[in-house]
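The following note collects comments on the structure shown below.

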Amino acid sequence: LAEWKPTITDEVVDFYICKAGFQCPDRRVKRLITLAVERFAVQVTTDALNVCSEGLSTKASKGKDNPLTLTVEDLSRALKELGITVRKPELFADQPDEKQH
């Protein structure tokens, strides 16, 4: 782990573990946390991609190339399999347009 170059920087990990109230000066423990987070992100992304691909295979595609587009619904279904529920807020409000005043 000492020579491994993580995708998530040490500063980002330090910020979030500090925000969570975890204090540990050992860099190896922080790298293990980083490894676990990256592994989780890859697993969720792969699962969401599989859900997206399954959705494309069930649709009739007659000779057209359908690009793979990952949606929030795909991500939500992948996270649901891991026990994480994603819900949209009940109300969406747009910012008022300055020109309409």
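1. On helix α3 (72–80), the face turned away from the buried side carries the exposed residues V72 and K80. Buried means under 20% relative accessible area, exposed over 50%, and partly exposed in between, with a 1.4 Å probe and protein chains only. Helices are DSSP runs (H or I, at least four residues), numbered from the N terminus. The buried residues of α3 are D74, A78 and L79. They lie on the same side of α3, because their arc around the axis is only 130 degrees, taken from the directions from the helix axis to the C-beta atoms.

2. The model is predicted: local features need pLDDT of at least 70, side-chain atom pairs count only at pLDDT 80 or more, and totals for chains, interfaces and linings use all residues. Residues are numbered from 1 along each chain as its sequence is written, and side-chain values use heavy atoms, with hydrogens and water left out. The protein chain has an average pLDDT (the predictor's confidence in each residue, from 0 to 100) of 81, and 77% of the residues score at least 70.

3. Four salt bridges are counted, each defined as a side-chain nitrogen of Lys or Arg within 4 Å of a carboxyl oxygen of Asp or Glu. One of them joins D10 and R27 at 3.7 Å, N to O; D10 lies in helix α1 and R27 in helix α2, so this pair ties together parts that are 17 residues apart in sequence. R31 is buried at 5% relative accessible area, whereas R27 is partly exposed at 47%.

4. A further bridge is formed by the side chains of D14 and K30 (3.0 Å, N to O). D14 belongs to helix α1 and K30 to helix α2, so the pair connects parts 16 residues apart in sequence.

5. Which residues form the aromatic pair? The search of the whole structure finds one such pair, F15 and Y16, in edge-to-face geometry with 4.9 Å centre to centre and 85 degrees between the planes. Rings of Phe, Tyr and Trp (its six-membered ring) pair if their centres lie within 6.5 Å; planes under 30 degrees apart count as stacked, over 60 as edge-to-face and the rest as tilted. F15 is partly exposed at 46% relative accessible area, and Y16 is exposed at 51%.

How values were computed:
Helices (H or I, at least four residues) and strands (E, at least two) are DSSP runs, numbered from the N terminus.
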